[in-house]
Amino acid sequence: MIERTVTVVPENGLHARPASQLVEAANSHESQVTIGPADGDSVNASSMLAVTSLGVETGEEARLTADGPDESAALDAIESILTTTE
Amino acid sequence: MIDEPNEKRKIAGISATPLSGLGTARWYHPGERPDPDAVSAADPKTELQRFIDAQTAANEELERERELTRERVGDKEAAVFDAHLKFLDDPQLVDSIKTNIENGEAAEAAVKHAFGNAIEQFEAIDGTMAERADDLRAIQDRLLRILSGADRTDLSDLPQGTIVLAERLTPSDTAKLDPDTIAGFVTMSGGRTSHVSIFARSLGIPAIVGAGEELRAVRDAVTVAIDADEEIVVAHPDAEVRERVTAGHSLTVQSGRVETQDGKEIAVAANIGTIAELEQAVDHGADGIGLFRTEFLFLDRERPPTEKEQYEIYCKSLNAFPDERVVVRTLDIGGDKPIPYLDFPEEQNPFLGKRGVRRSLGTDSDLFQTQLRALLRAAAKGEGTLSVMFPLVARLEELTKLRNKISHVASNLNAEGEEYQIPELGVMIETPAAVLMATEFANAVDFLSIGTNDLTQYVMAADRENEAVEDLHDPRHPAVLRAIDQVVEAAHDHDAWVGMCGEMAGNSELTELLVGLGLDELSMSAVTVPAVKANVGDISQSEASNRCNRALMKNTKSMINKVINQ
């Protein structure tokens, strides 16, 4: 399992568009991916409901974990979504 | 008697237009859905399969809508469908729906409860989370609609020659109908002055309203004739009926002003709501536009039209009538024709609530300002003469506020270096208050325009959509006729011109009475313009005025009718 912490860049935080891109990325990898606030509980990154209810805002840190055969590719994909302006 | 399914069957209704037609029946059943909790559950395996099928169907719909939105609007707007697709497959939601089904719930109840919990959680959090709750609600509705098998007929994409049958059609339903492809429609509810009838007239399509429960006996896909003269719908029409309804009887279109025999010029203008109807107005020889119902520009969309969009539409209508007047009525909305992106408070009686200028001067003031900017700019640019009138004015104070608002908009445009012109201004006379204040209003503006549908409704206290009081909803009642007479006199005493833009103006049996009342302009659905123009030429102003005076002295509708038909 690997873990990374990134600062959320998209203007509206983890809402509509970046959230659905993130879920898409998590679903398209075999590894189990989680996301959570730096200091809180993580949730399943394949669940739109869970991801949007985190309420992570722009400028806040998000802690990502991935566990599986393609774990580093999965985190690369998600990191690039979270660090690109919308 | 047992109905033979293929036997000719006649159903009486009310002709909304003078047009007849022949076509293929197609029922439209919007939103008739059972309460999810009232659906009885089959075994869990069947219910699970029902849910999975609905989920697949919803997925297909969303993908199709996403592509359409991407093509027509843009990527950013299409993104909302991505979010919906993700929610639709959400493992948490799907698991909880499956659990509910295993616990014996029907697919409907399982969806309702699983989404309900998630919606509640989002609603408990402020801010952007409320939008997620809206997303979830939209997906929930979609799934429930698919599960119920409710109609998803796309009214804007019907085969050529369709006659739409429905219990009722809302303004947003009718706005989708394409007059070039549909052959007509028949509704179970509605009267001559209902929105649906006005709409049919403005588009010039055959329509029967108020056909009642009997209409349900007509099946999908059978041949149906609309006979406007007999005011009937005929299912399985025989050769004779077919021939009669397709024969047609068109009047010659006269363009240019018409005069009475003794030389009084009467402007016969058209009422429109959309640019499509503008063409109809030109084709039927209308002398300009007497009522442009701008609320139709705001219906059926996700956000209001921009200033530029409106400006272009107003210019287009002015350019269609370079030598005539185009009377634009500012946004007239209320709880009876709500618009999705605006807030409408729950009102006991929206017809007596926040509507017309009451909203424009209140909650919708930004929207109103945008509309005024577009209008003032179009007045300077378009070829014809722009006139602007305000709906549901009841007090002089409102008029003062409206004028201040226009001055404010004008000075802003001036500061921005935009070209603008202050148009001719008028007041719609629709309320008894406006009738009683007509003298003051005529003194303050350039023209008055009598909206007889609402005026009759308010003077007679008779809901125009309620068939139970349809007999009260008639402008030939002496109270309404005298109110109109009072308004015409007040206008002429103060050098204001006066027009009529309600359905009464287009009733060709009443043209003589209206000329006798002294109206300067009659504005109606485009299809009725040729008949009214033909009438004007046959009328003598002095005889009309005598007859009108006799009618005004009568004290019942039946006696007034006698004078009119003598």
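Visitor: What order do the elements of chain A run in, from the N terminus on?
Guide: The order is β-α-β-β-α-β-α. Helices (H or I, at least four residues) and strands (E, at least two) are DSSP runs, numbered from the N terminus. This is a predicted model, where local features need pLDDT of at least 70, side-chain atom pairs count only at pLDDT 80 or more, and totals for chains, interfaces and linings use all residues. Residues are numbered from 1 along each chain as its sequence is written, while chains are lettered from A and ligands numbered from 1 in the order in which they are written.

Visitor: What makes β2 and β3 of chain A a pair?
Guide: Strands pair if DSSP finds at least two bridges between them. Strand β2(A) (residues 32-37) and β3(A) are joined by two bridges, in the antiparallel sense, so they meet that rule. Here T34(A) faces N44(A) of β3(A).

Visitor: Why do β1 and β3 of chain A stand at the edges?
Guide: The open sheet has four strands in the order β1-β4-β2-β3 (chain A), paired antiparallel. β1(A) (2-7) and β3(A) (43-44) each have a single partner strand, so one side of each is left without a neighbour in the sheet.

Visitor: Why is strand β13 of chain B called largely enclosed?
Guide: A residue is buried if 20 or more other C-beta atoms lie within 10 Å of its own, exposed if 12 or fewer, and partly exposed in between, with C-beta atoms placed from the backbone. Five of the six residues of β13(B) (residues 385-390) are buried, so the rest of the structure largely encloses this strand.

Visitor: Which strands does β13(B) pair with?
Guide: Strand β12(B) (residues 325-329) runs parallel to β13(B), with five bridges, and R329(B) stands opposite M389(B). Strand β14(B) (residues 424-429) is also parallel to β13(B), over four bridges; there, S387(B) has E424(B) as its bridge partner.

Visitor: What makes the largest nonpolar core a core?
Guide: A nonpolar core is a set of buried Ala, Val, Leu, Ile, Met, Phe, Trp, Tyr and Cys residues joined through C-beta atoms within 7 Å. The largest one has 132 residues, and V427(B), A438(B), L448(B) and V487(B) have the most contacts inside it.

Visitor: How do you know that this core lies between domains?
Guide: Domain bounds come from an automatic or database domain assignment. Domain 1 (9-30 + 154-247) and domain 3 (262-565) of chain B both give residues to the core, so it lies between them. Another core, of 49 residues, lies apart from it and includes V51(A) and L85(B).
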